[in-house]
Amino acid sequence: MSPDPRHDLDLVRTSADQLVHDVQLLSADQLAEPSLLPGWSRAHVVGHLVGNAAGLTRLLEWAHTGVVTYQYADIEAREASIQAGVGQPAEALATQLRETTDALLGVAEQLTEEQWQSSVRLGAGGQGRELAAAEVPWRRLVEQEVHNVDLAGAYTPAHWASEFVHRLLAEVTDLYLTRSDIPALTLDALDGDWSAGSGDPAQAVHVEGPSPALLAWLTGRSSGEGLHVHPGPLPTLPPWF
């Protein structure tokens with residue numbers, strides 16, 4: 001199904017409000033503490049979110065003007081944006097999140113239907129995946145929602161909206177089903193009519209539970225809390241991105 005960028009932009013606005021609120025509550029000590037991402041403090045996560053918003057805005061500018069503008073000029077620029085969050089107070093980081101999100105939304109409002117279908121390319125120096133500009137709002141929503149969980153605060157996978165969970169669950173599962181480096185799996189959501197599988201069903205590990213818990217495990221944001229598995233234990237999965 002083709003993305004509806006204007007609908008997704010509304011979701012980005014709501015998600016950004018929650019994210020900014022949550023960042024504002026962090027003390028200096030909390031910002032320096034580890035996030036759920038190995039080697040990253042909470043400040044690193046927020047720095048990445050600020051840099052990501054700016055980078056995705058550059059992709060929308062590419063679609064709007066036709067002038068090639070990469071998400072990040074190079075890998076060093078991406079790393080610098082992550083490090084930029086370290087040592088800054090929460091209020092400053094929250095302000096940067098709000099300003100970069102508003103800039104993204106402002107450019108998005110200028111795109112025509114034709115420009116939304118323009119191809120842009122993710123990554124440093126344009127080395128990532130090619131996609132239509134219409135996918136950019138969804139990509140930003142994923143960044144905001146998943147990384148808010150990575151802040152290891154009050155926001156958890158249980159707070160993810162059902163629409164977000166179902167869309168990302170389908171996306172992540174499709175990615176895993178094309179890989180040869182995962183075991184045979186059968187996944188069942190107990191809170192809806194959804195299931196997926198890969199490999200030989202007779203050899204598959206069966207995992208079932210609430211959709212948010214399944215998504216949290218598949219994206220590496222939990223070790224399997226709330227899931228039932230047989231035969232156990234839960235397999236170790238490679239990174240989903």
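1. Lining of the largest pocket. In this predicted model, the lining of the largest pocket has 20 nonpolar, 9 polar and 6 charged residues. The lining comprises 35 residues in total. Nearest the pocket centre lie E143, H147, R221, W240 and F241. The volume of this pocket is about 1100 Å³.

2. Elements around the pocket. Helices α3, α7, α8 and α9 (211-218) each give two or more residues to the lining of the largest pocket. Which element gives the most? It is α7, with 5 residues.

3. Packing of α3 on α7. Two of the pocket elements, α3 and α7, also pair with each other. The axes of α3 (residues 42-65) and α7 (residues 136-150) come within 11 Å. They cross at roughly 180 degrees. Angles over 145 degrees count as roughly antiparallel, so α3 is roughly antiparallel to α7.

4. Residues in that contact. From α3, the contact is made by V45, H48, L49, N52, A53, L56 and L60. From α7 come V136, R139, R140, E143, Q144, H147 and D150. By class, the contact has 6 nonpolar, 4 polar and 4 charged residues. Note E143 and H147: both are in the α3 contact, and both are among the residues nearest the centre of the largest pocket.

5. About 50 Å³ of space lies in the largest cavity. Its lining is made by T173, Y176, L177, I182, L185, L187, A196, G197, S198 and L218. Elements giving two or more residues to this lining are α8 (162-177), β3 (185-189) and β4 (194-198).

6. Salt bridges. The structure holds 13 salt bridges. One of them joins the side chains of E109 and R13, at 3.3 Å from N to O. Where do the two partners sit? E109 lies in the loop between α5 (90-108) and α6 (113-116), and R13 is in helix α1 (residues 5-24). The pair therefore ties together parts that are 96 residues apart in sequence.

Key: Residues numbered from 1 in each chain as written. Predicted model: local features only at pLDDT ≥ 70, side-chain atom pairs only at ≥ 80, totals over all residues. Heavy atoms only, no water. 1 Å grid on protein atoms, 1.4 Å probe; cavity = no way out; pocket = protein on both sides within 12 Å on 5 of 7 lines; lining within 4 Å. Points joined across faces, edges and corners; volume = space filled by probe spheres on them. Helix = DSSP H or I, 4+ residues; strand = E, 2+ residues; numbered from the N terminus. Axes fitted to C-alpha atoms, helices over the stretch in contact; angles between N-to-C directions. Parallel < 35°, antiparallel > 145°, perpendicular 65-115°, else oblique. Contact = heavy atoms within 4.5 Å. Nonpolar A, V, L, I, M, F, W, Y, C, P; charged D, E, K, R; others polar. Salt bridge = Lys/Arg side-chain N within 4 Å of Asp/Glu carboxyl O.
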